[in-house]
Amino acid sequence: MKLLLENAHIEGIRYYDAYRKHGGYRSVEKALKMTPDEIVDEVKKSGLRGRGGAGFPTGLKWSFLAKPEGVPRHLVCNADESEPGTFKDRYLMEFLPHLLIEGLIVSSFALGSNATYIYIRGEYAWIPDILERAIQEAKNNGFLGKNILGTGFDLEIYVHRGAGAYICGEETALIESLEGKRGNPRIKPPFPAVQGVWMRPTVVNNVETLAAIVPIINMGGEAYGNIGVGKSTGTKLISACGNLNKPGVYEIPFDLSVEDFIYSDEWCGGIPNGKRLKACIPGGSSVPIVPANLLTKTAKGETRYMNYESLSDGGFQTGTMLGSGGFIVLDEDQCVVKHTMTLAHFYMHESCGQCSPCREGTGWMWRILKNIEYGKGKMEDIDLLWDVQRRIEGNTICPLGDAAAWPVAAAIRHFRDEFEWHVLNPDEAQVRNYGLAHYADRREIPAL
Amino acid sequence: METIENMANTEVQFSEQALNKVKEIIHRYPEGKQKSALIPILHLAQDQFGGWLDVPVMDYVAGLLQIKPIEVYEVATFYTMFNTKPVGKYVFEVCKTGPCMLNGSDDIIKYIEEKLGIKPGETTADGLFTLKPAECLGACGYAPMMQLGKFYKEHLTREKVDQIIEQCRAGKMELN
């Protein structure tokens with residue numbers, strides 16, 4: 001069942017006429033007859049969880065918004081999609097811009113925002129034109145601007161381009177950046193819901209989350225909540241990449257098994273050249289990497305499904321996270337040490353530099369990993385690496401520190417033998433990869 | 001502090017069209033919050049003044065927004081997309097993060113290095129090309145890839161890199 005991408009294949013759906021003809025903007029007509037509180041209730045009933053990665057219940061987040069008399073409030077759409085492996089929001093904005101605009105209108109009305117901003121990562125430089133055209137079309141048809149549909153509700157939506165900083169996906173860094181500053185995350189509290197952009201109450205939501213408001217209003221929160229499994233309601237966009245026959249953006253039902261998602265021809269179509277699966281990072285680079293045996297089955301031997309609960313079954317010891325849905329697959333010829341090294345470099349580059357554990361630790365981790373990868377590692381470096389990541393986690397203002405630590409921790413936890421092999425066979429490690437790890441006799445799992 | 005008035009005599013000056021755009025951008029934010037327009041305006045400035053932000057350009061932008069120059073410098077140096085040193089006409093920003101690496105971005109970067117005779121971060125002597133390895137650009141499913149101007153070049157192969165370089169040399173590459 002598709003709730004977001006159902007019409008993605010229709011020619012011209014990027015533009016207003018085709019979008020409207022296929023049921024577009026119905027949710028605005030419906031929502032503007034409701035009260036803002038009724039809309040928030042529908043979103044609460046839907047069980048929608050933030051699609052940016054954290055999975056926090058959207059309705060609850062909305063209900064935190066402070067509403068002091070006489071102070072403007074703002075909705076900000078987080079389109080700073082920068083988590084390695086994640087490119088789903090780009091797809092939505094590029095091909096279904098009106099879906100996002102429609103979701104933004106309904107959400108802005110529910111939250112009382114008269115000026116809503118889409119903060120889009122600077123590298124998606126061609127997408128603001130697409131969004132601005134959609135905004136203009138919506139305006140020409142009375143869905144934006146002054147007195148929308150005669151209800152007295154005014155709304156302007158502006159596209160704001162960032163300039164290349166992963167950290168701006170963190171909501172307080174995004175707010176700082178929107179104010180024209182460096183993207184340094186703020187200490188919370190105060191939370192954005194109380195003091196956000198320009199110290200006004202602000203809600204920051206991911207693109208996919210805001211697009212999902214459209215089917216929720218159209219079908220009703222309860223009906224939306226009945227789709228899915230447990231607390232994973234609705235559908236999720238997954239951006240599949242790495243070593244796959246059919247990488248791309250898929251809208252999946254939450255009862256899809258991981259195995260089917262990777263191997264079925266309906267989805268990713270398996271791994272190129274008949275190679276075997278080695279490991280996978282299913283929710284964007286920050287979530288723990290898991291070896292093949294723990295990806296398709298949980299530690300208890302149950303089938304693993306593509307949803308929040310099933311993927312995190314076993315915690316960080318044997319599980320991982322759905323995260324942003326950036327699904328990265330490594331085949332048997334890939335080197336976990338090298339892959340982890342590129343991720344460590346990413347976090348070093350993207351650390352804003354405010355907190356020393358993250359600023360120093362990310363660089364330290366990268367240098368150790370580089371030594372191991374290039375044959376200059378020592379056995380004690382592996383324990384040092386473990387120690388450094390442990391000291392970053394939980395000791396920073398924002399979650400970038402955790403996000404940098406987790407991939408390193410998981411790589412050591414599950415692939416320690418591969419790290420040791422690099423240290424013991426430095427020359428061989430330069431010319432070939434370790435191959436499939438001896439999953440069956442994994443060393444004792446170190447405690448976090 | 002520089003103001004719009006005393007900046008008028010410097011050589012750095014937006015075109016009239018760009019100045020109108022600047023006004024339109026400032027208007028998107030609440031009154032008194034014109035600093036919010038800084039990043040969008042730095043993009044404009046970088047596009048107009050040769051692909052990088054020289055100090056006089058940053059000072060000019062500070063004057064336009066009536067903020068201190070340091071407020072512009074700290075932003076320009078924080079964000080990866082702003083170049084604070086000159087770059088070539090065509091900047092190849094090749095992604096090298098995880099998913100692109102799994103699909104051979106190393107080989108693409110090495111090939112460009114050999115083909116153009118430059119290392120990462122360097123510019124060719126003719127000032128045409130700069131190689132700037134980049135972190136994840138959100139095109140992981142279409143890897144390996146690079147950003148060139150406003151657009152992405154995806155599913156890169158050696159042959160595709162050859163074609164791109166040829167197109168650039170022939171002046172037929174669209175950047176905006």
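Me: How many residues does the contact take from chain B and from chain A?

Reply: The model here is predicted. In it, the contact takes 35 residues from chain B and 46 residues from chain A. On the side of chain B that touches chain A, the elements giving two or more residues are α3 (38-48), α5 (69-78) and α6 (98-102) of chain B. The largest share, five residues, comes from α3(B). By class, this side of chain B has 20 nonpolar, eight polar and seven charged residues.

Me: Why is helix α6(A) called largely enclosed?

Reply: A residue is buried if 20 or more other C-beta atoms lie within 10 Å of its own. In α6(A), 15 of the 15 residues are buried, so the helix is largely enclosed by the rest of the structure.

Me: What span does α6(A) reach, and what span is expected?

Reply: Helix α6 (residues 97-111) of chain A reaches 21 Å from its first C-alpha to its last. At 1.5 Å a residue, the expected value for its 15 residues is 21 Å, and the helix is close to that. After α6(A) comes Gly112(A), with a positive phi near 80°.

Me: What makes β1(A) and β4(A) a pair?

Reply: Two strands pair if there are at least two bridges between them. Strand β1 (residues 74-79) of chain A is joined to β4(A) by five bridges, in the parallel sense, so by that definition they pair. As an example, His74(A) has Thr202(A) as its bridge partner in β4(A).

Me: Where do β9 and β10 of chain A supply residues that touch another domain?

Reply: Each supplies at least two residues of the side of domain 2 of chain A that touches domain 3 of chain A. There, 13 residues of domain 2 are in contact with 13 residues of domain 3.

Key:
Residues numbered from 1 in each chain as written. Chains lettered and ligands numbered in written order. Predicted model: local features only at pLDDT ≥ 70, side-chain atom pairs only at ≥ 80, totals over all residues. Helix = DSSP H or I, 4+ residues; strand = E, 2+ residues; numbered from the N terminus. Expected span 1.5 Å × (residues − 1). Buried ≥ 20, exposed ≤ 12 C-beta atoms within 10 Å, placed from the backbone. Contact = placed C-beta atoms within 7 Å. Nonpolar A, V, L, I, M, F, W, Y, C, P; charged D, E, K, R; others polar.
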